[in-house]
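Let's take a walk through a protein model together. Have a look at the sequence and the 3D view, and then read on.

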Amino acid sequence: MPILNLGILAHVDAGKTSLTERLLHAAGVIDEPGRVDDGNTQTDSLALERQRGITIKSAVVSFVVGDTTVNLIDTPGHPDFIAEVERVLSVLDGAVLVVSAVEGVQPQTRVLMRTLRRLGIPTLIFINKIDRRGADSGRVLGELAEKLCPAVVSMGSAAGHGTARASFTPFGDEPAFAGRLLDVLADQSEALLAAYVHDESSVSYARLRAELAAQTGEALAHPVFSGSAITGAGVDALIAGIEELLPAAEGDLGGPLSGTVFKVERGPAGEKIAYVRMFSGTIRTRDRLSFAREGEPGAPREGKVTAISVFDRGGAAPGPGVGAGRIARLWGLADVRIGDTIGLPRKAEAQGHFPPPALESVVTPVRPGDRGALHVALAQLAEQDPLISLRQDDVRQEVSVSLYGEVQKEVIEATLRDDYGIDVAFRETTTICVERPIGTGAAVEVIAKDPNPFLATVGLRVERGPRGGGVEFRLEVELGSLPYAFMKTIEETVHETLREGLHGWQVVDCVVTLTHTGYWARQSHMGGGFDKSMSSTAGDFRNLTPLVLMSALAQAGTMVEEPMQSFRIDLPADTAGQVLPVLARLGAVPRAQFPGMLAGDIPVAGVHALEQQLPGLTRGEGVLECDFDRYQPVRGPVPERPRTDHNPLNRREYLLRVVRRV
């Protein structure tokens, strides 16, 4: 049976989870569709999701449409949980983008559609809530063509807007619909246009439908359906469109093993459960798997599969194996993490399309005795969300957690309280900056020469790299000049040390070159065993490298840069005069101004304040859309971030701590 892995995406409150419930009901999986307001939906299983009426974690359910098994993945709509959406994109065969017939195209709608089109994911659009007062599917269809993509095709007509009798009637082979199809499809198909010009009668309605399916499968055209997830209007037409227009999964059951881990959760006993989308090959119980992340140093991690449950016809059922195209849950992979590739990596992995979190906050336990338990709990949460990183400050006994926004902070606080019994408090949210080298610096320390106390020689040069290039480690020494283990220790320590630059922020986009090496070979006293005091160890290189690297970095100098977002505000034209002074106070720089619209750049630190003030400034009619744009140098005083390492910038302090630790 063909398999389709389908994502449901939308701006928050567009009715995405309600549509999921209606699809499950139409397929006979559930007797009655749940309601978000009643807290009884299938996919929002977390207590906090039911309480707040929002989706926080992606969920997978399965049903059958015709002769196709659909694995449906419900994703969060709130921008604070965009990392969940990012992981789902890597496993989709197609998507349904839900848009409200009342609110129309909203900021998150644009972000999602841009990403879907960039990745080439076949996408249908469902205009929801046509039964709500203020609904206007015709107006929203115009917004879709203007703001998202001109190649949208309405697949029917809606009637009875704003009433419980609202309905959707699919078009047949009416000449007007066939003409609209031809107009849209001919723009992407020279063959179709040529056939029409040569012989108009040769372009049949059946050929147009086949071409629509082909262009939808290539993400060139986007069919649009309308309806109501609450009443069920238009849902049957959408289901028929899913079956006809979205391509099923492809994959070779007997091919080389290849899969992606897109979700990790903990079972009742604390065991890890990995959600895997298989692209090729087959995994069976008791198979030993290797898994790693692209660009990750070191050998792949391994684990033995102890149990498998495969999503099929409603939910996940235990099975002996899982093959290409399917989604399954795997037990036994203790070291697995979200984003890992099982087996061979795909040629074009859908990763890294959203920026990392740009905010952070210190989280502290209300009860000091919970400090150790808090660190364990946060580590587990970070396992389930790789774009949330922890920063441990052993000096101050504090932990910082990175964030996308204030709602995410509330969710973490509630999760720690409800799932782990730990009450916490967050400090003020601050912006995460980065540092970039502004010049070139070099340093070297030679073995057995003061002031070097370690049995190692390390020389490093630091220089600027291309923007977006990350940290590149190069060699100017021969590979055989140093044992491989010591060479890898230096490289790993370089990456670790650059997490905190001269001002405490992570150093990015630089080239670090190893210029000098030296060591004392393993030796011993006469008649004695190995003597650590006469032989170089990996610890010597691990402890010396930060001193040399930070000395070179200090010579090069760094510039601190803050994250900037591009913004667009749609607002009543007569309120722009009230908004512009607020933008100026928040450090925003307007780039364009038209009646009813402002656009420009704003520091991430000012976005939350703008969101709070905008409704009052625009009579509740202002709509803000923000998207990460770039990092730019901080204007004004350079922000300092408290260090959490042993401070290799202060040689005396560093050596006291390192020697004591050793």
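Predicted model: local features only at pLDDT ≥ 70, side-chain atom pairs only at ≥ 80, totals over all residues.

Residues are numbered from 1 along each chain as its sequence is written, and side-chain values use heavy atoms, with hydrogens and water left out.

Of its 662 residues, 52% count as buried. Buried here means under 20% relative accessible area, exposed means over 50%, and partly exposed lies in between (1.4 Å probe, protein chains only).

Now head inside. A nonpolar core is a set of buried Ala, Val, Leu, Ile, Met, Phe, Trp, Tyr and Cys residues joined through side-chain atoms within 4.5 Å. The largest one has 45 residues, and Leu-6, Leu-19, Val-96 and Phe-225 have the most contacts inside it. Helix α6 (residues 175–186) gives the most to this core, with seven residues. Another core, of 30 residues, lies apart from it, and Leu-89, Ile-125, Ile-130 and Val-224 are among its members.

What does Leu-6 touch, leaving out residues up to four places away in sequence? Its partners include Val-70, Leu-72, Ile-73, Val-96, Ile-242 and Leu-246, with contact meaning heavy atoms within 4.5 Å.

Next, find helix α11, which covers residues 406–420. Its 15 residues reach 21 Å from first C-alpha to last, close to the 21 Å expected at 1.5 Å a residue (that is, 1.5 Å times one less than the number of residues). Among its buried residues are Val-407, Val-411, Ile-412 and Leu-416. Just after α11, Gly-421 takes a positive phi of about 70 degrees.

Finally, the rings. Rings of Phe, Tyr and Trp (its six-membered ring) pair if their centres lie within 6.5 Å; planes under 30 degrees apart are stacked, over 60 edge-to-face, and the rest tilted. By this rule there are eight aromatic pairs. Why does the pair of Phe-171 and Phe-177 count as tilted? Their centres are 5.0 Å apart and their planes at 40 degrees, so the pair is tilted. Phe-171 is partly exposed at 30% relative accessible area, whereas Phe-177 is buried at 4%. Together with Tyr-205, Phe-171 and Phe-177 form one aromatic cluster.

Methods:
Helix = DSSP H or I, 4+ residues; strand = E, 2+ residues; numbered from the N terminus.
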